[in-house]
Structures are given as C-alpha cells and as structure tokens.
Amino acid sequence: MLSNSSTFHVRQQQIPVFFKGGSYDFWSIKMKTLLKSEGLWDFVETDDTKASDELVFQKEYEKQDAKALFLIQQAVDESNFSSIAAATSAKQAWSLLKTEYQGSKKELNQTFQVGLGEVDVIVNRLIERLEKGKNQTKLSSPSIYMVPRTFRNQNKNSFKPQMVSIGPLHRKDENLQASEEEEKATHVVSLLSRLDSTQKETLQACARMVNASIDQIRSCYAEAISYNNIELAEMMVMDGCFILEFLYRIKKCEESKMGNMLFVQFTFYDLVLLENQIPFRVLNDIFECTISKFDQTTSLIDVIHVAIEHVNPFKEHKLKSSSNPTHHHILGLLHECYQYQYQEAKSLEFSNSRFPSAVELDRAGVNFNRVRDTEWPLVMEVKKYRLPCFSFPWGRPTLIMPVLDVNDFTELVLRNLIAYELMYSKHIFQYVTSYAIAMDMLIDNEEDIAKLVKSKVLVNNIGSNQEAANMINSICKEVALRDFFYSDQWKELNHHYNGYWPKYIAWLRRTYFNNPWNIIALLAGVFLFVLAVLQTIFTINPAKSDK
C-alpha cells in the first residue's frame, strides 16, 4: 500500500480543476486518476484504521495518508474545504465529499441522455427517482414532518417553537437565533462539566456516534434538509446535549441552574412540537456518552419523562413510559403513553347525524364522572347504576371519562399529537384524534363546558367557557378520522338519548326532583292526597253503620 517513492512533488498542473460543488462525478474521476498515479488511492479506498494496524512502519503510513489528504484538500475551493476541514484522513475527506455531492450524479446522467428521445429521458428520470425512494425506505421511514398547510392554518402558533429550535426544520428562524445560541451553549457546557473527561473527549465520542448513523438520521426527516452531513451532525450533538441537560436539571431539582422560568415553561412545550424534533436514537447515543457515565441510576426514559409529565393535559393520570428504546422522538414517546392495545377501533356509524351534547345528555338522565385507576388515560366508559325497585326507567347511565386540564398549552399539545397521528397514520392509530372528536361531539357551546366543569371532568384554566368551547370545536377541523375508539360507548349513549322512557323520566326528575324543596312539595301533596282519601273513607263508613 505504501508508495515506493521517497519524494513527493505535486505540480500545479497535476491538480485537477478546483471542485466548486458542481459536476462531482467528473471531478472524482480526475482525482482518482491523480491519486492512483501517485500510488495513494489505497489510502482513500481502504479503512485507514485497520490498515494502520497491519503496517509496521506507522509513521510512513501516516505520511503517505497525509499526502493523499493534502491532494484532496488542494483540489477543492474554500467553500467546500469547510466540509472536509475536520477530516483527519484521506478516506474521511473523500467519504464526506462523496456523501454530500453524490446526488449530483444526475448531471452525468443528463450528459449521457443527450442522444436519447424525450420519452427515454423521462423514463430514466422516473427510474432514478424510484431508486432514490427505494433507498430512502431501506434506511427508515420518516417520522418528523412539516405539518400540512391546511392543518397549520387553524393555529400556526401551535407548531412554531417559541424559545428554542430543535433539529433543522426551524433552524433559520431569525426570532430564535439570537437567544437560543447562548442558552444552548450554557446548557451544553454545564452537561460536559459533569463528566471527568475533557470537553473535547466527550464531544468527540458524541460526534463519532452521531456521524456513524448520519444517513439514518437524515432519513428520519420527511423534508429535504439543506445542511450537509457535518452541519447536521453538529446540530444533532448540540441539540441533544441541550435537551438532556435541560431535563436533567429539572429532574434533579437543581433550581440554581434553571434560570429564567419563562424560558423553562416555553421550552417544555417546544420539545413536543412535531416539527421541532430530533431522532430518539440521537438522544440515546448522546445519553450513553454523557449522563450514563456519571449517573447509572437514571435512564434516558426517566430523564425524558420529566417533559412528558409536564405537558400531559390529563394531570390526574400518571403516564407510564415503556423502556423500549425504539421511539421515534419525544413527541412519539408522549403519544405512546396514550396508546392502548386492547381497545378496538371501529368506524363512526352515525357520523352523518348530530350527536347530543353534554347538556342534552344530562337532560336525558346521563351523568358524567371522572375515571379512576385505569390503564388507558383516554378511556371513556358507559356505566349504569339501577335501583332495585325501578330497574328499567330509573337506571341512570354514567359516562366515565378522564379529567382534561384546559390551559394555554392544551391546544398545542393535542394539535401536535393529532398531526403526528395524521402524518404517521400507516404505523399508529388515532387514539388522540378519537378523544378530540369525542369531546367535540360532547361540546357545542359554553353551557356544555359549564356542565363538564360542574361534573369535575374538565378544568377550565383559560378564561371563559366560550373560549374553551371554541378551542375544542376547532381542534379537529381538516382532520380525517379513520379509527374511532368510542363507537360502542357513543352508540349506547345515542340509543339512550333517543329512547322513549329516558326523556320523560329525565323530565320528571328535572321538574319534581331537581331540588329538595320540589321533593318536599311533592311529598306534601301526596300526604295531603292520602289524608283526603282517608277522610272520605271514614266519612262514608259511619254513615253505613248508622243504617
């Protein structure tokens, strides 16, 4: 592998035309020829680490590798040199350029297609796109998306980060760039200072693990990413370290390090935006290089669960996260907490007819009560409690449901979960969408909100009841429902509402038994009626005895 030549002279005319980002395939052919002529191509083609272990003369190997690296560096302009500046071997530099610019292969293909007809050119381009899509599918299916415009327009602020951009999709937001860089740097330095190793050693370990899976990381994003691999890897390391340090501080109650509480509050919700995610594997890799080194009692799920509990809109139910390390991202982990494998999804049979609201169901004799001690946080069940003497007409069905905390961030959390179900529908069920649709059917106006608040199944912390009703009514607009997990319960409630007896028994309750005074008046009337009957009987009986 080593060159037999002891001298190394590279004349200017030997260096191919500088590579400026275009026609990569032509440039690579010229460079390969040059490196072979100098006996250096093996250093580009072979794994340098393994090769160096086999060589006796380590210094000579490194010298020849440096010569190959030098040639590659000399053959690129300044803008492309930044992409390979961190490379320490010829193989690394070549691989970085190949990964970044291999896509320009289409330029070469277009050159060869000059003599082809228009139909052949179209077919070749289509085949190229199909092959590209096939290769993308082999890596992994995307799980991080930009929200469709029709759904985004319902409330744009629900999908836009307010404090920090995570990942590449909102990286160029000028409103975030000024403040987030300082916060991120502060958190990353704090995380690195917890370890015994130097900052450089820790960052090298993180960058090495992230760079090894950079293709898989890129494939997690449905949108095309304009950043090259080095920029993307740097972004992943920085954001991953920031997230772990931010959540670890909260978990360990390190109040002295928390800083601005407004930043803390908004950052929690920035971490669950669909467009503001990094792959879970990145968090797992960086966790193994950082927190796991000094705290073996805390798992990655334990750290992330801090954010999950904070944004959970069902405060009375403690969410349970599995230890499965294959989650897509933090939002995906939150969604998994609302899944329930034993609940069967069915179509909404009466979707074309209007379902009675909470107030209307209440008038038909339906009660509302909060759920207690259940495995599924979104459970809704219909239970009937019957009096022994009046088993049919006096049986009152009760809708058992989770307590929803409606606050300034509830819409944001629900919208992002619904968007995730909408975009990733081939792989997950619409649990949260089903719940939102069910609540939309129960609530028409502020009176329905007031009824649910009175029944203690909803807590309104955003102001007026009308505002809460508007939020719930708008949250599922432009959303297609495929899976509905409350079909049996809603069918039973609808049947009860449309029945003959429930309506009139409920009217009787509202008229004569809606308060203690009406009950006393009714009993007094019955008592007086009984006295009148007895008086009539005793008046008639003495008259018979006299005869």
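**Figure 1. Lys 456 in the loop between helix H23 (446-454) and strand E5 (458-460).** The model is a predicted one, in which local features need pLDDT of at least 70 and side-chain atom pairs count only at pLDDT 80 or more, while totals for chains, interfaces and linings use all residues. Residues are numbered from 1 along each chain as its sequence is written, and side-chain values use heavy atoms, with hydrogens and water left out. Helices (H or I, at least four residues) and strands (E, at least two residues) are DSSP runs, numbered from the N terminus. Lys 456 is not a glycine, yet its phi is positive, at about 65°. Most residues other than glycine have a negative phi. With a relative accessibility of 56%, Lys 456 counts as exposed. The classes are buried (under 20% relative accessible area), exposed (over 50%) and partly exposed (in between), with a 1.4 Å probe and protein chains only.

**Figure 2. Glu 478 in the loop between H24 and helix H25 (487-498).** Glu 478, also not a glycine, has a positive phi of about 65°. Its relative accessible area is 52%, so Glu 478 is exposed.

**Figure 3. The largest cavity and its lining.** A cavity is a set of points, on a 1 Å grid over the protein atoms alone, where a 1.4 Å probe fits but cannot get out; a pocket is an open set with protein on both sides within 12 Å along at least five of seven lines; lining residues have an atom within 4 Å of a point. Grid points are joined across faces, edges and corners, and a volume is the space filled by probe spheres set on the points. The structure holds three cavities of 30 Å³ or more, and the largest has a volume of about 50 Å³. Its lining is made up of Leu 404, Leu 414, Tyr 435, Ala 436, Met 439, Met 471, Ile 472 and Ile 475. By class, these are eight nonpolar residues, with no polar and no charged ones. Nonpolar here covers Ala, Val, Leu, Ile, Met, Phe, Trp, Tyr, Cys and Pro; charged covers Asp, Glu, Lys and Arg; the others, Gly among them, are polar. Helix H22 (431-442) and helix H24 (465-474) each supply at least two lining residues, and H22 gives the most, with three.

**Figure 4. Helix H22, which contributes to the lining of the largest cavity.** H22 has 12 residues and reaches 17 Å from its first C-alpha to its last, close to the 16 Å expected at 1.5 Å a residue. The expected span is 1.5 Å times one less than the number of residues. H22 is mostly covered, with 11 of its 12 residues buried. Among the buried residues are Tyr 435, Ala 436 and Met 439, which also line the largest cavity.

Figure 5. Helix H6 (90-101) and helix H13 (229-251) each supply at least two of the residues, and the largest share, three residues, comes from H6. Glu 100 is placed in H6 and, at 29% relative accessibility, counts as partly exposed. The C-alpha atoms of Glu 100 and Ile 230 are separated by 9.4 Å, although the two residues are 130 residues apart along the chain.

Figure 6. The buried residues of H6 are Ala 90, Ala 93, Trp 94, Leu 96, Leu 97 and Tyr 101.

Figure 7. H11 has the largest share, eight residues. The lining residues divide into 17 nonpolar, 11 polar and seven charged.

**Figure 8. Strand E1 (residues 367-370) paired with E3.** The two strands run in the parallel sense over four bridges; strands pair if DSSP finds at least two bridges between them. Phe 368 has Leu 399, in E3, as its bridge partner. Five of the six residues of E3 (residues 396-401) are buried, so this strand is largely enclosed by the rest of the structure.
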